[in-house]
Amino acid sequence: MPITTTRRRLLAGAAATLALPSFARAQGVKPRLTAISQWSAGSDGAAITALGKKFEEKGGIWQHSPVPGFTTEMMNKLRAQIIAGDPPACSQLKGPEIAAWSKIAPTVNLDSVVAAAGYEKVVAPDLAKLHKPGGKWIALPLQIYSTNMLFLSKRAMDKAKADKVPVTWADFNELAEKMKSGGVTYPIANGGTRPDDGQKFEASLAGISPTAYRAAIMNLDKKALEGPEVKAAFAQTRKIADWMDPNVGAQPFATNAKRFIDGDMGMMIQGGWAQGVLRNAGFKLEDFIITPGPSDNSKPVFLLNADAFIFWERKEPDLQAGQALMAKLVMDPAIQTMYSQITGSIPVRTDVDLSGEGWSDGQRRTAAALKDAVANNQAVLSLAHNMAQENGLTAAMIDVLTEYVKNKTIKPEQAATRLAEAVEGAR
Amino acid sequence: MTDTVAAVTRTARPTTSGVVGRLPEYLTIWVPLLLSAAHLISFSLWTIWISFTPSTLVPVTGWVGLRNYTSVLATRNWNIAFDNLLLFGSAFVLLSLVTGLMLAILLDQRIRGENTLRSIFLYPLAVSFVVTGTVWSWLLNPGLGIQKLVQDLGWTSFRFDWLVDRDMAIWTIVIAAIWQSSGFAMALFLAGLRSVDSDLIKAAQIDGAGPIRMYRRVILPTLWPITITVIVIQLQFAISTFDLVRALTNGGPGIATQLPALVVYDLMFQRGLLGRGAAAAVLMLLILLAVLLPYAAWRHLQRRRANHA
C-alpha cells in the first residue's frame, strides 16, 4: 500500500520535528498521555475523568479522546490510528484482544515498572496472564467485575417469604419457584442483549463446575464442550429463560430496573456495574442484595471481567514519561479505590481493604468472593464479556447461546453439539 | 420523433467554440462521475482482494483462496441472513409496490387536500431508518406498544408479539420498511399516473370504459416501466438494509432476523475478521448484481427497441 507508507513516513517526520524541542530539553520533559477509550458518560466517564485529574495533579498533560458507543467503535479508531502509524500512547482494550492486537503494532514492555510496584503478587493469576502475552507485561488491568453476581430484590424476597440467599443452583431454582407462587410475575429480570444471554449460560456452567468451564470455554476442549456439565448448564439456562419476561426485545437489562426493585421481577444475574445502574436510577442499596452467583460446590465462583489499558510504543520522550506515570497510577491502590468506588467495580489488587467507607456490601462480598475463588482455583474468565476468547470465537459461541435462550425448541443436547460446531467453524 | 433524432445529431457534432462553451458542463458532469466511479471501483476491487487474504484485525497480504467464502457460507448466521433476505426482499418490494400504487391511485382522484396528504405519505422518507426502527421497536414491543394498548382497552386476549416471536420477527422489519418507503413508490406512481396521455383517457371514456376498466386496461399498462424502476430501487434498498434492523431487532430474537449487511458489519468490526467480512460483502455485491444486471440488460433492450421504432 504505497499511500500508507508515505503517510507513515510523513507522520514519522512530523513526530520527529515535534519531538526535537523535547530532546533539546532532555530530562525536563512534561509527561503527556494520549489515550482513547469508550468511556465518555455516566459513572465510566466520571471515573476516567477523575483519573485524568490525578494525572494532571502529578504534573502531566492528559489528552483523553473518548469514542462513545460500542467497544467496536473505539476499536475502529484504534485500528485507523495504528494503520496510520500514530497509535495513542495508551488505549482501552481487554482480555485476549490484548494478545491479538499486540501482534499488529509494537507495545511497551512494562515489566520493570510492574516489578518495581510488586504488582504481580496481588493480581489473580489468570488475569495476569492475559496482560502479559509472550511473558511480558504490555497492559495493565484497571478494575474488575464478576459477571455472575446474583442480585435479589428485597420486595420479591418478601413476596416469596424467603430470607436465605441461594447458594447452589438447586437453592436458586427453589427460590425462583417460591417467588413465582408468591406473586412475582417474572422471577428473573433480564435484558435481551447478546451478553445478557451469554451471561446466563456462563453463570450456569461455571456454577455447576468451574473445572468443566475452564476445559470447555477457556481451553475449548471438544470433549468437555459436549460433556454432561455443558448439557446440564444448557438445561439450567433453559430454566432461567423460562422465568424471564418473554416480552423483552433487544433492550438492555436496565429497562427492568424498576420492575426488579418493585418486586415484579425477582433476581438478576449481572456484573457489579448493575449496582451503579440501580443507584443512578435512584434506588437505594437497601432495596436489593448482592451475593455471589450460585455454585454447586458452595464455594464462590468468580467470572472475571476486567477493563484494562494497553500501552503502545511511542518514540516521543514526553509520551514515554506519560506512559510511565500512567502505569504507576493505574497500579496505585488509592487510584484503584477511587476508580472502583465511582463505577461499582472492585479493585484489581487483592490487597485493597474494602472495609472502609465508600464501599457497598455488594462490593465487599464481590472482593471476598474473588479472594476465595482465587484460593480455590474457581476464578475463571467470562465468555460473554470477551475475556475467555478472542472476539471472533466469542461471537460465534454467543450466537449459539442467544439463539438457545430465545428458541425454546432447541434441546440442551442439540445446543451442546451446536456450540462445539460453532467453535470448530470459527477456529 | 425524427425531429428529435435530427436535433441530437446536430448537437453531437460540436464546433471548437462549442467545446469551450460547454466546458463547465463537461466539468460538472465528468469530474464527479469519474471520481465517484474511481472510488467505487477501487474500493470494490480492494474488498475483493481482501476477501482472498487471511486478514483479521488489519488488512494483510497473503492468499487463502476461497477459504473465507466457504467458511462464511457454512455459518448459520449467513444462511439465516440469506433466507431472511429472500423473504424480506420479496415481501417488502411487493407490499410497498401495492401500497404505493393504491395510495397513488386514491390520490389521483383529484381530491381536496392532495398536497397535504402527499406530504404526509412522503414524510416517513425524511426520517432516518434508525429513528423508524427505534419508534417501531416501541410500538411493536408487546409490553409497551400496540398489544398493551389494545389489552388496556379491554381486549385482554389480544396478542401482537411478532417482535419477540422468532418466526414472525422478520415481518416487523417488513412493516417498518413499508411504512417508511411506500410513500416513495407512491410519488413515482403518481408522477406516472399524471403523465398518462389525456387523449388516451378521453378515447377510452368515449368508448364507454368504466373507472376500474380504465385503470386495468388503459392506465396501469402504461405504468410498467415505472414499476420496474420502483422494484429495482426497492430491491437494492432491501439488500443493503442495515440501520433499520439494527435499531428494530438488532438481528434478534437470538439471530432470527439477521440480514447480510448485519453479518458483514459483525464479521468485520465486531469479530475482527476482515477477510471473512470482505467475503460476505462480496457475496452481497453478487446478490446486488443479480438484480442490477438483468435490469441493465432490460434497459438496453428497451433503448434498442425504441431506436428501431
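I began with the contacts in chain B that have a separation of 6 or more: 68% of them join residues 24 or more positions apart. I note here that the model is predicted.

Next I looked up the secondary structure of chain B and found 15 helices and zero strands. Its radius of gyration is 24 Å, well over the 19 Å that the globule rule gives for 309 residues, so chain B is more spread out than a compact globule. For the extents, I have the C-alpha trace of chain B spanning about 65 × 60 × 30 Å along its principal axes. As for burial, 31% of the 309 residues of chain B count as buried.

Then I picked one helix pair. How do H3 and H15 of chain B pack? Helix H3 (residues 23-50) lies at an angle of about 125 degrees to helix H15 (residues 274-308), with their axes 7 Å apart. That angle makes H3(B) oblique to H15(B), and the crossing is left-handed. On the H3(B) side I listed B:Ser44, B:Thr47, B:Ile48 and B:Ile50; their partners in H15(B) include B:Gly275, B:Ala278 and B:Leu285. I sorted this contact by class and got seven nonpolar, three polar and no charged residues.

Last stop, the meeting of the chains: 23 residues of chain A are in contact with 27 of chain B. On the chain A side, helices H3 (71-83), H4 (97-102) and H18 (391-406) each give two or more residues. H18(A) gives the most, with eight. By class, I noted nine nonpolar, 10 polar and four charged residues on that side of chain A.

Note on methods. Residues numbered from 1 in each chain as written. Chains lettered and ligands numbered in written order. Predicted model: local features only at pLDDT ≥ 70, side-chain atom pairs only at ≥ 80, totals over all residues. Axes fitted to C-alpha atoms, helices over the stretch in contact; angles between N-to-C directions. Helix = DSSP H or I, 4+ residues; strand = E, 2+ residues; numbered from the N terminus. Parallel < 35°, antiparallel > 145°, perpendicular 65-115°, else oblique. Left-handed = near helix turned anticlockwise from the far one by under 90°. Contact = placed C-beta atoms within 7 Å. Nonpolar A, V, L, I, M, F, W, Y, C, P; charged D, E, K, R; others polar. Rg over C-alpha atoms; globule rule 2.2 N^0.38 Å. Buried ≥ 20, exposed ≤ 12 C-beta atoms within 10 Å, placed from the backbone.
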